[in-house]
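Here are a few exercises to work through with the model open in your viewer. Try each one before reading its solution.

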Amino acid sequence: MSKTLFVDTVYERAHKLGQALQQNYDNQYPNSYSDTVFDIKEGRKYIKIVQINNQESVHAFIDAKTGDVFKPASWRGPAKIARYNLLDDKSYAQCLARADWAGGYLYLR
């Protein structure tokens with residue numbers, strides 16, 4: 001009998017990161033009247049995590065092939081240095097543990 005390992009794809013892990021960000025926001029502002037939502041937009045090269053309230057803003061970029069997570073430089077593109085990698089289990093766990101809705105976990109230390 002062979003064991004089959006189930007490995008999440010970049011898209012699945014991006015969605016889990018989006019859910020973690022939403023949970024972090026909801027925990028910090030349980031009585032908020034704001035309709036802040038984190039959504040995933042899939043493009044050809046990057047997956048965008050978008051924060052939507054009165055307007056849309058990019059929270060993070062994720063390279064769809066490599067799983068690298070980037071802080072946004074603008075609406076159209078990411079900063080140059082990858083902050084985390086969603087395909088590396090240790091990096092992914094750190095990303096989820098540090099994820100906060102305001103994006104502080106995306107700054108270099």
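**Exercise 1.** This is a predicted model. Which residues does Gln51 touch, not counting residues up to four places away in sequence? Then decide: is Gln51 buried or exposed?

*Solution.* Start with the neighbours: leaving out anything up to four places away in sequence, Gln51 touches Thr36, Val37, Phe38, Glu56, Ser57, His59 and Trp101. Now the accessibility: the cut-off for buried is under 20% relative accessible area. Gln51 has 11% relative accessibility, so it counts as buried.

**Exercise 2.** Work out in which sense strands S1 and S2 pair, and over how many bridges.

*Solution.* First find the strands: S1 covers residues 37-42 and S2 covers residues 46-52. They pair in the antiparallel sense, over 6 bridges. For a spot check on the pairing, look at Val37, which stands opposite Ile52 in S2.

**Exercise 3.** Find out how helices H1 and H2 are oriented to each other, and which residues make their contact.

*Solution.* Take H1 (residues 10-28) and H2 (residues 89-98): their axes are 10 Å apart and the packing angle is about 20 degrees. Angles under 35 degrees count as roughly parallel, so H1 and H2 are roughly parallel to each other. On the H1 side, the contact is made by Arg13, Lys16, Leu17 and Ala20; H2 brings in Asp89, Tyr92, Cys95 and Leu96. Sort these contact residues by type and you get 5 nonpolar, 3 charged and no polar.

How values were computed: Residues numbered from 1 in each chain as written. Predicted model: local features only at pLDDT ≥ 70, side-chain atom pairs only at ≥ 80, totals over all residues. Heavy atoms only, no water. Axes fitted to C-alpha atoms, helices over the stretch in contact; angles between N-to-C directions. Helix = DSSP H or I, 4+ residues; strand = E, 2+ residues; numbered from the N terminus. Parallel < 35°, antiparallel > 145°, perpendicular 65-115°, else oblique. Contact = heavy atoms within 4.5 Å. Nonpolar A, V, L, I, M, F, W, Y, C, P; charged D, E, K, R; others polar. Pairing = 2+ DSSP bridges. Buried < 20%, exposed > 50% of the residue type's maximum accessible area, 1.4 Å probe, protein only.
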